[in-house]
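Here's a quick briefing to read alongside the model. Have the sequence and the 3D view open as you go.

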Amino acid sequence: MEFYPVAQGRYRYKDGILNLMYPNFDQVVAQLDSGRLQSFPGGVYPAGNKDQTSELPIRRVELASILNVPLRQHVGTEATLIVEPGQRVLKGQPLTSSHQPFAVPVHAPTSGEVVGVGHHVTAHPSGLTEQCVSLRPDGYEEWCSLTPLTDYQTLNPAKVVAAICEAGITGMGGAGFPTHIKTSSSKPIEFLVINGVECEPYITADDRLMREYAWQIRQGIDVLQHLVQPKMVLIAIEDNKPQAIEAMQIACQDKANYRVVEVETKYPAGGEKQLIQMLTGREVPRDGLPADIGILMFNVGTCYAVADAIFQGKPLIERVVTLTGGALSQPGNVWAPIGTPVAHLLNLAGYLAEKQSAPQVIMGGPMMGFTLSHADIPVVKITNCLLAPARNELRSSDNERACIRCSACADACPVTLLPQQLFWHAKAREYDKTEEYNLFDCIECGACAFVCPSEIPLVHYYRKAKAEIRLQRDEKIRAEKAKERFEARKARLEREKREREEKHRKAKEARLAASQQAGSDTSDKVAAALARAKAKRAALPDNNPDNSAPPEESVPERKTQVAAAIARAKAKKAAQQASAQETGDTENTAATDNDKQQRVAAAIARAKAKKAAQSQGSPTNNTPQPVSHSDDTTGTDADAERKKRVAAAVARAKAKKESQKLTAGPLAEDSHGTRNPPLGEASSAEDEKKRRIAAAVARAKARKEAQRDEK
């Protein structure tokens, strides 16, 4: 197995997973008993400046007029909002809810009315806005129903973990990692480390919490010890906090496996990896977690919140915040409700703007904190300090000069990085090079910037480079996902195309098979239809026995029949018109002549139609009638019959004419168109009646003759 050396003669695997000198549990205990702790590489010793607040007790403050509670105050996903504007909420009531494992709810810090839900500037170095719930306190401080679990030792550990999650507890040391995720670790844990180091200058929130609430911290440790089941609990406190050390020793004196350990006052001894290395001599893997080496770590503020949740049923709605700096006339530590605006706390601490050259407030300490962009930024679960430095109290970052390559930054780095090379590549935007120099191993402690003689804000460049790299990674991930979706869509379309083609091919084959089957069926059906037609023809009456005339010969005969029918119709129509004229009163002889001509034309048309009918024979018999040659005379029976009909028609015409004369009006016109008195004007009405009867008899005879001719 190959090894490569790192700082101070230690060795670890080439893949960076484990330290060669990996002390076991007994070795660690022996080292703790001897009081000889190890140290971490690098580190600095800045001025503490804790005297301003370390001797002042934690005090309560009045509520602000509006509390802005961010929906996400932890590492993980944002929960779902379950309240709406105008709704009244009680103190401790959940504002969000989610079933996601990394989603932690937030709660109402007091009773009041939800006046709005929207984006608000939050605690972020770049002043980003996030979704927040705006709450107006009503002053009643009315709690919602609480459910403590005082008998947690008899309950299923999963129920206790769920209670911690529902209380919204996250790491309060600065990382904001959900506590219930840590307690659910399935790996065997040897050491449970409680971090009370608080190495950052100016901050005394944990120090005062251990002094005043040591017993509640001990209760929280008991709950975590019950869930994690470690072999030993180590409570680490810097040796510059003797009162806190004494308070915790008294609180834990009845626990044999609880040890309060004093560590060296060295920055950044409160870092997770650095403190583990000091206490146990073990190094956390570069891409791993403390649980990978059998260690879990919690902040003392987190332990206090766990005790509140289990023994009181209270969610995490407030925390201790240090208000310090030369620009404050009344510094100290306060219980600040989550969502309280920074400006409200500064006013309570006596903020003196005239003591600053420019308004400046730092959230956190001077080493790892960041300058706030707005005074309305709310306090969140990881806010432990608000620093308002006076003029020239802190080193300004505006005096940046060129790097002199002194390598002081490398000597101070607790992670044994090369800050100088990281600075060059970050400034040149050579982000691939920064990753080669392990940029993301940087804990942003600020030790390199603290010792830099050129006053270069190195951490600023590192944070910016990390943000850019994360953005590039996110874009790359989105591009890869988009590519995967595109390729999946392309494959799906091709698959659907092949399926359609296969479906169409099968359908075509089915149609061809069906058409072939239908063709054979059709031929069979045609043959069957022809057979039925022949059978039907054979079954007709025997009026055409020889069936010698082909179907084509019937076509002209039908045409002749149609023509004869049309002629008969015209004749009938003419006769009807003539009959109508007979019944009417004619006024002049010219109308009578026209009627006569029409009747004659009708009679001639009827004669032609009858002649045509006689010449073609019976329409139901297609066989031509034989011609008789028994008589040698030139006239035939048909001619004689035709003459008789003509004579009858002439007789009918005469009768009709006679009837028209008899039915003429009372006045008649002469040939010159003058009206003359009618003949027999002096005759009686009886003579007129006789004339009408004679005309009717003549018409009846004419009709009878016409009917006989038609027959």
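Which strands does helix H7 (residues 272-280) lie across? Helix H7 lies across E10, E11, E12 and E13, and runs at about 120 degrees to E13. Keep in mind that this is a predicted model, where local features need pLDDT of at least 70, side-chain atom pairs count only at pLDDT 80 or more, and totals for chains, interfaces and linings use all residues. Residues are numbered from 1 along each chain as its sequence is written, and side-chain values use heavy atoms, with hydrogens and water left out.

**The four-stranded sheet**
- Helices (H or I, at least four residues) and strands (E, at least two) are DSSP runs, numbered from the N terminus.
- The open sheet has 4 strands in the order E12-E11-E10-E13, with parallel pairing; two strands pair if DSSP finds at least two bridges between them.
- Strand E12 (258-263) and strand E13 (295-299) sit at the edges with a single partner strand each, so one side of each has no neighbour in the sheet.
- From one strand to the next, the twist averages 25 degrees; axes are lines fitted to C-alpha atoms, for helices over the stretch in contact, and angles run from 0 to 180 degrees between N-to-C directions.
- Strand E10 (residues 191-196) is joined to strand E11 (residues 232-238) by 6 bridges, and Asn 195 stands opposite Ala 236 in E11.
- Helix H6 (residues 242-251) lies across E11 and E12, at about 160 degrees to E11.

**Lys 182**
- Lys 182 is in helix H3 (residues 179-183) and, at 23% relative accessibility, counts as partly exposed.
- Buried means under 20% relative accessible area, exposed over 50%, and partly exposed in between (1.4 Å probe, protein chains only).
- Leaving out residues up to four places away in sequence, Lys 182 touches Phe 177, Glu 272, Leu 296, Met 297 and Phe 298; contact means heavy atoms within 4.5 Å.

**Strand E15**
- 6 of the 6 residues of strand E15 (residues 332-337) are buried, so E15 is largely enclosed by the rest of the structure.
- Gly 332, Val 334 and Ala 336 point one way, while Asn 333, Trp 335 and Pro 337 point the other.
- Strand E14 (residues 318-324) runs antiparallel to E15, joined by 6 bridges, and Arg 319 has Ala 336 as its bridge partner.
- Strand E3 (residues 59-60) runs parallel to E15, with 2 bridges, and Arg 60 stands opposite Trp 335.
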